[in-house]
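Reader: I would like to go through this structure with you. Could we begin with the charged pairs and then turn to the helices?

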Amino acid sequence: MPKEQKLGAADRQYKEPPEVVQAFGENGRNHLSKEFRAQFLLAILAGSFMTFGAVFSILLATGVEAKGLYYLLSGLGFTAAYVMVFLSGAVLFTEINILLPSYLFRKPSVYFMPIARFWLATYIGNIVGALFVAAVIQLSGSLTPEFYGELQVYLSDKMKFKESGGIGWFQVVLSGILANWLIGMASFLTTAARDVTGKVVATALPVILFVAGNFQHSAANMGYFSMGVFAETEHAWYEYLLFNLIPASIGNLIGGALLVSLLFLFAYREELRDGEGIE
């Protein structure tokens, strides 16, 4: 192919960044325009996938002594959850923190109540889905005592910030910013990829990184904590909520909306202005 001949949009293996930002806004609009029942059901599905991912991450890493391999396998296990979410159209609270602002920053006239209702439905739906799968798994008796021993290790890593009081709470917020910055990039790269293989690889790399770094991602933690609620662990459900999920969710909102949506919108505002707008 001659150097001067450029590939068309359909010929490239990936979408260009402005196309991804445009797709983010369109996806945010489409999610917001769904009826409440559909929003809630898709949120339940996404939360369910989070628990499956948490279980898979523990199963793959149990008994592995080498830390690098341990983190790699744990991250790969959780990648399954995000691939199911991204490819099925299920709705995660943390993903909405990326997609919806990409729409709202360009269409600020949208009324507040539909946005608040959608955010609330997504958050509650994610928790309901995570708890449902955890309850079914617990009742099934499928998992071994070794699994629950490893689960306690994961929960201790997630809840270690509680020991530092107010400073620890603030640290969870910062960790949540980092976590959803990475998951925002997973969503960005997955949207850019044009085939299933590319989407899986694009999802895996940031997910492995945030799992290895123990960055606090509220949606992922719902999966781990839901298993902890139905198992014999040292923490109560309200401790998971107050000392992790709430500050992590605040950080996730900041990381997704500002460090992914807002930055890319400003970086590519000229290209977006020249292209077609979001209706």
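Reader: How many salt bridges does the count come to?
Author: The count comes to three salt bridges, a salt bridge being a side-chain nitrogen of Lys or Arg within 4 Å of a carboxyl oxygen of Asp or Glu. Please note that this is a predicted model, in which local features need pLDDT of at least 70, side-chain atom pairs count only at pLDDT 80 or more, and totals for chains, interfaces and linings use all residues. Residues are numbered from 1 along each chain as its sequence is written, and side-chain values use heavy atoms, with hydrogens and water left out.

Reader: Which residue forms a salt bridge with arginine 194?
Author: The partner of arginine 194 is glutamate 19, with the closest N and O atoms 4.0 Å apart. Arginine 194 lies in the loop between α7 (166-192) and α8, and glutamate 19 in helix α1 (residues 17-33), so the pair ties together parts that are 175 residues apart in sequence. Helices here are DSSP runs (H or I, at least four residues) and strands likewise (E, at least two), numbered from the N terminus.

Reader: Is arginine 194 buried, exposed or partly exposed?
Author: Arginine 194 is partly exposed, with a relative accessible area of 35%. Buried means under 20% relative accessible area, exposed over 50%, and partly exposed in between, with a 1.4 Å probe and protein chains only. Glutamate 19 also counts as partly exposed, at 30%.

Reader: And what does glutamate 239 pair with?
Author: Glutamate 239 forms a salt bridge with lysine 162, where the closest N and O atoms are 2.2 Å apart. This pair links distant parts of the chain, since glutamate 239 is in helix α10 and lysine 162 in the loop between α6 (145-159) and α7, 77 residues apart. Glutamate 239 is buried at 11% relative accessible area, whereas lysine 162 is partly exposed at 30%.

Reader: Which residue does arginine 37 bridge to?
Author: Arginine 37 bridges to glutamate 35, with the closest N and O atoms 2.9 Å apart. Arginine 37 is exposed at 58% relative accessibility, and glutamate 35 is partly exposed at 47%.

Reader: Changing topic: at what angle do α4 and α10 cross?
Author: The axes of helix α4 (residues 93-104) and helix α10 (residues 237-267) cross at roughly 35° and come within 8 Å. Axes are lines fitted to C-alpha atoms, for helices over the stretch in contact, and angles run from 0 to 180 degrees between N-to-C directions.

Reader: Which residues make the contact?
Author: Taking contact as heavy atoms within 4.5 Å, α4 contributes Phe93, Thr94, Asn97, Ile98, Pro101 and Ser102, and α10 contributes Ser249, Asn252, Leu253, Gly256, Ala257, Val260, Ser261 and Leu265.

Reader: Where is serine 226, and is it buried or exposed?
Author: Serine 226 is in helix α9 (residues 218-229) and is buried, with a relative accessible area of 2%. Leaving aside neighbours within four places in sequence, serine 226 is in contact with Thr51, Ala130, Leu131 and Ala134.

Reader: What about valine 55: which residues is it in contact with?
Author: Beyond neighbours within four places in sequence, valine 55 is in contact with Ile137, Leu143, Phe147 and Met227. Valine 55 is found in helix α2 (residues 36-61) and counts as buried at 8% relative accessibility.
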